[in-house]
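Visitor: Can you walk me through a few spots in this one? Keep it short, please.
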Amino acid sequence: MSTAVTLRTELRELYANESARIQQEFVADGNGAEAIAKRTALVEKVLHRLWGELISPAGEARNFALVALGGFGRRALFPHSDVDILFLHADRSTEDALRDPIRSFCQELWDLRMKLGPTTRTLAECDQFDQQNVEFTISLLDCRFVAGDRELFDRLHDKVLPKFFAREGGYIVQQLAEVTRSRHSKYGNTVFHLEPNIKEAPGGLRDYNVACWMALLSALDRERAWPVQETLLPDSTRKAFGPAMEFLSAVRTFLHYRQGRDDNMLAWESQDEGAARHIGVSRDQSLDAAAWMREYFRHARAIHYECLRLLEAVPASRSSLYRHFQNFRSRLSNADFSVIDGLVMLQQPSRVHDHEVLFRIFTFCAHHGLKPAMATEHRVQQVLPELLEKPPSGPDSWRYLQPILVEPHAADALRSMHSLGLLTVLLPELKLIDSLVVRDFYHRFTVDEHSFIAIECLHRARQSKSEWDQRYGRLLEELERPELLYLALLLHDVGKGVPGTNHVTTSLELAHKCMDRLGLNDEDRDTIAFLIGSHLEISSVLRRDIYDPATIQAFSEKVGTPERLKMLSLLTYADIKAVNPEALTPWKAENVWQLYIGTANAMSRTADERVHANTEKDETIARLQTMVPKSAKQIRDFLEGLPKRYLRNYRPEEILRHFEMAGRLAHDPVQLYLERGRHWFELTVITKDRPFLFSKIAGALAAWGMNIVKADAFSDAAGVVVDTFFFTDRFRTLELNLPEWDRFKRNVADVLNGEADLDRMMRDRMRAESKGVAKVKVDTRVEIDDQCSSTSTLLQIIAQDRLGLLHRISSRFSHQDCNIEIALIDTEGQMAIDVFYLTSDGAKLSPEKQEELKADLLTELQEG
């Protein structure tokens, strides 16, 4: 056997056996830092063997060196990380002779299935800045000698690079800052993600690297030489980074071993397993996945915070207008604070011990949209122990907090106070929800961040480009005491930090204790308690017919006053919008607004004129008759028997289109209108009522792979049905293929006319889609209310959202001879919440029919 084959076999066995041993040790002790250090040593051992055999078999190579870069240079090689190396030539004289050995060297490593990132440069080339390859330049910051000519490496490390970074450092820092800001923006500028990328997301390992690189570049610029690593970062930063890096190193090592590749996404299933295996935490700690993720977010927040502090020292590359604006901001300086590049400095640092000045920092920031400078935050951290030992009195706490809440940039100021540990001095209840995770695939952010975003949504509403946001912004300006609304938002979810099933009740109990401490008067306490206790009320009412006078009247009685109605509507708007970017859909924003308007009208005693007037006096009807005066009688006939909700749901132009479509039913029994909206497609079906109609439409859409997000169903006295389905095109079939629109409509019509086999279409769709395991299990619930409507029985179904769900539900209605009068379809994450107003033979469902239908639905939905 040749020497090369023997070496290859030995290295393969060495690398495989040692890698397996490192993995087994990690499984046993969970020490990520040791695992990556051992893998680094193993890779280095393999490289030394190959170097001796292939590059320099006769002894030390001259004018040629092997250099570790990046993570390899930092001695931080995770199980499936790339191994970045530099083949360094003194000059071009050695390139030809070493080209084949280098190729063989790399091939051997690739044959070991090592992810190698080789680069070849001369010493002179390392002194040249390539703006197209900033990544390589940054990797040189972590360069480390591995093998070869040590003197050559020393020339690179001790002479060339310090001068190079001193010369080009300013531009490199600028580029590094811009790339980092762009990366943060890609992830929404927040650490709080349901399934975070622990390397690239804000607060991940890359932020740690950036902080170290920025500090290193700063030191090289200042000292013109490599600094001592132990003094690179301030003590406070190293103290924050230590535990965070231990945790993240363990988690990334775990992910690599679990996935068998360089996969840094902390997915749902990985969170469950990581918590169960105590990854990154003491084996004595028993944490569920939510508590374990809470640890992650706390560590990520600490790293992200330090990274942002360092980035603040690097002005962004902005236009001259932006720089002019920053210069204008600097004129905001006053006797207490100076403003430099958008950062607030204390004029007299010693005054931070004065509580009035301390909290005025954040009022100032909240008013002008500024941030405390790093030096200011260090001053705050210095006085924090004394604040914790002797916190402000309750009334003083409210006095300090109140002016911050009403300022336009309150959310950022609150985040800053929270990161510094200052906010929980004023409101200790917030400790319960610090970095608390709600694992339901609907809430995108931690509970504390959700509250800050909700406050931010209200403050930004007036300046938004969205018409809906502006409406709520104008409503906000009408409030007499907006600070009460903001305090309610801060406290409305604190109960989620206490084990139990009803967070509203717990939040209310905690809020009462908080308000006792703050010394709020009885009227303010009652308002805040009402808002917290009722913060889910509007979402509940939206699952009823909000155009039913009985619904409006019942809600009006619960709310009591116009001011409370405004505050509750604003809280609901902000609370939903802060759940995730897609939660407040346009139709949901519209419904909240319509409920507000309807209830406000009821409270002002004008509801009867607008809602209960005779048809002839209705504003919408009058406009329709003006638009087509010759068809006035036919329009009245078409509208006869349709619920008043129909008139509120559609614009006159849409109603007129429905009327015209209904007029063509004699020639074509199924009239379809398909249009694409901003967020989804909208399909309107007008036809004569018949059994299984609604379920067939829902089934046809499901068979095409469409995801139904909302549906309305109406019928008039003549049995003409107006059904509208709002859906997203999951596979972009309609979006990318305009000719498919006609085929889609023909197919839906064929299904309704009995000319297409819907069962076969559904079977084909089911086979085409893999049946994945639901990440959040939703138990099926069927709730019936026979009191909320005088003419219909309300049935609410909460179930796991899945393909064809609405088709299956509505099919059971038809089998039970039930007619859908109104359908309100909604989805929150993986939970479907569907509400139907049902009749049978033109009347409410009998108690026996209700029980029979409920049992039928539960059986149907539990079968898959």
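Visitor: Is Thr 446 buried or exposed?
Guide: Thr 446 counts as buried, because its relative accessibility is 1%. Buried means under 20% relative accessible area, with a 1.4 Å probe and protein chains only. This is a predicted model: local features need pLDDT of at least 70, side-chain atom pairs count only at pLDDT 80 or more, and totals for chains, interfaces and linings use all residues. Residues are numbered from 1 along each chain as its sequence is written, and side-chain values use heavy atoms, leaving out hydrogens and water.

Visitor: Where does Thr 446 lie?
Guide: In the loop between α17 (423-426) and α18 (447-461). Helices are DSSP runs (H or I, at least four residues), numbered from the N terminus.

Visitor: And what does Thr 446 touch?
Guide: Phe 192, Phe 297, Ser 435, Leu 436 and Val 437, not counting residues up to four places away in sequence. Contact means heavy atoms within 4.5 Å.

Visitor: New topic. How do α28 and α29 pack?
Guide: Helix α28 (residues 619-627) and helix α29 (residues 632-639) pack at about 140°, with axes 9 Å apart. Axes are lines fitted to C-alpha atoms, for helices over the stretch in contact, and angles run from 0 to 180 degrees between N-to-C directions.

Visitor: Which residues make the contact?
Guide: Ile 621, Leu 624 and Gln 625 of α28 meet Ala 632, Ile 635, Arg 636 and Leu 639 of α29.

Visitor: What about α9 and α10?
Guide: Helix α9 (residues 235-259) and helix α10 (residues 268-276) pack at about 115°, axes 11 Å apart. Phe 254, Leu 255, Arg 258 and Gln 259 in α9 meet Glu 269, Ser 270, Glu 273 and Gly 274 in α10.

Conventions: Helices (H or I, at least four residues) and strands (E, at least two) are DSSP runs, numbered from the N terminus. Buried means under 20% relative accessible area, exposed over 50%, partly exposed in between (1.4 Å probe, protein chains only).
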